[in-house]
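Dear colleague,

Here is the structure I promised to pass on. My notes follow below it.

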Amino acid sequence: NGIDLPTSMQFAGKKPWEILHQDTLDMWRFGDFKSYTSLELLCEVLGVDTPKDGIDGSMVNQLYWDSNVHINEILTYCKADVVATMQVWLKINMAEQLPPESITIK
């Protein structure tokens, strides 16, 4: 789409220790690359509110291409995933959870 990636997301040619983001999936694997743990399961295990309410990632493609009437559902789903990922990251790093009333989604 002709959009420049932010510097922090330009991974080409970088070594793993030069990448400035963390993936909760990688943090939870403990070196096991044969399987993965879903965000929903991570939330359940760690006592974080699950973002899954109505749709999940496997449905997004179909919902988008069927008709754009589902675009607000997809937007809500993606925002909830971001909040859940943040809360999981905080929990894994033994940091204080953010109270839901303090989280503003624009």
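**The nonpolar core**

Seven residues make up the largest nonpolar core: Leu-39, Leu-42, Cys-43, Leu-46, Val-48, Ala-84 and Val-88. Two elements, α2 and α4 (71-92), each give two or more residues to this core. The largest share is from α2, with four residues. Please keep in mind that the model is predicted.

**Overall layout**

The protein has four helices and zero strands. Read from the N terminus, the order is α-α-α-α. The C-alpha trace spans about 40 × 40 × 30 Å along its principal axes. The protein has 106 residues, and 18% of them count as buried.

**Around Ser-38**

Where does Ser-38 lie? Its place is the loop between α1 (24-29) and α2 (39-46). Ser-38 has a relative accessible area of 30%, so it is partly exposed. The cut-offs behind that call are under 20% for buried and over 50% for exposed. A polar atom of the Ser-38 side chain lies 3.0 Å from the backbone nitrogen of Leu-41. Ser-38 and Lys-106 are 68 residues apart in sequence, and their C-alpha atoms are 25 Å apart in space.

**The aromatic pair**

How many aromatic pairs are there? The count comes to one. The partners are Tyr-64 and Trp-65, with ring centres 5.0 Å apart and planes at 90°, so the pair is edge-to-face. The angle cut-off for that label is over 60 degrees. Are the two residues buried or exposed? Tyr-64 is partly exposed, because its relative accessible area is 35%. Trp-65 counts as exposed, because its relative accessibility is 63%.

**A surface patch**

There is a nonpolar patch on the surface, formed by Leu-5, Met-9 and Phe-11. Together these residues have about 270 Å² of accessible area. Leu-5 lies in the segment before α1. Its relative accessibility is 49%, so Leu-5 counts as partly exposed.

**Where to look**

For a quick pass, open the core with α2 and α4 in view. Then go to Ser-38 and its 3.0 Å approach to the backbone nitrogen of Leu-41. Next, turn to the edge-to-face pair of Tyr-64 and Trp-65. Finish at the surface patch of Leu-5, Met-9 and Phe-11.

Best regards

Technical notes. Residues numbered from 1 in each chain as written. Predicted model: local features only at pLDDT ≥ 70, side-chain atom pairs only at ≥ 80, totals over all residues. Heavy atoms only, no water. Buried < 20%, exposed > 50% of the residue type's maximum accessible area, 1.4 Å probe, protein only. Polar contact = N/O pair within 3.5 Å; in protein donor to acceptor, adjacent residues only side chain to side chain. Patch = residues over 30% accessible without salt bridge, like charges linked within 9 Å, V, L, I, M, F, W, Y side chains within 5 Å. Areas by Shrake-Rupley, 256 points an atom, 1.4 Å probe, with all protein chains shown as cover. Salt bridge = Lys/Arg side-chain N within 4 Å of Asp/Glu carboxyl O. Phe/Tyr/Trp six-rings, centres within 6.5 Å; stacked < 30°, edge-to-face > 60°. Core = buried A, V, L, I, M, F, W, Y, C linked by side-chain atoms within 4.5 Å.
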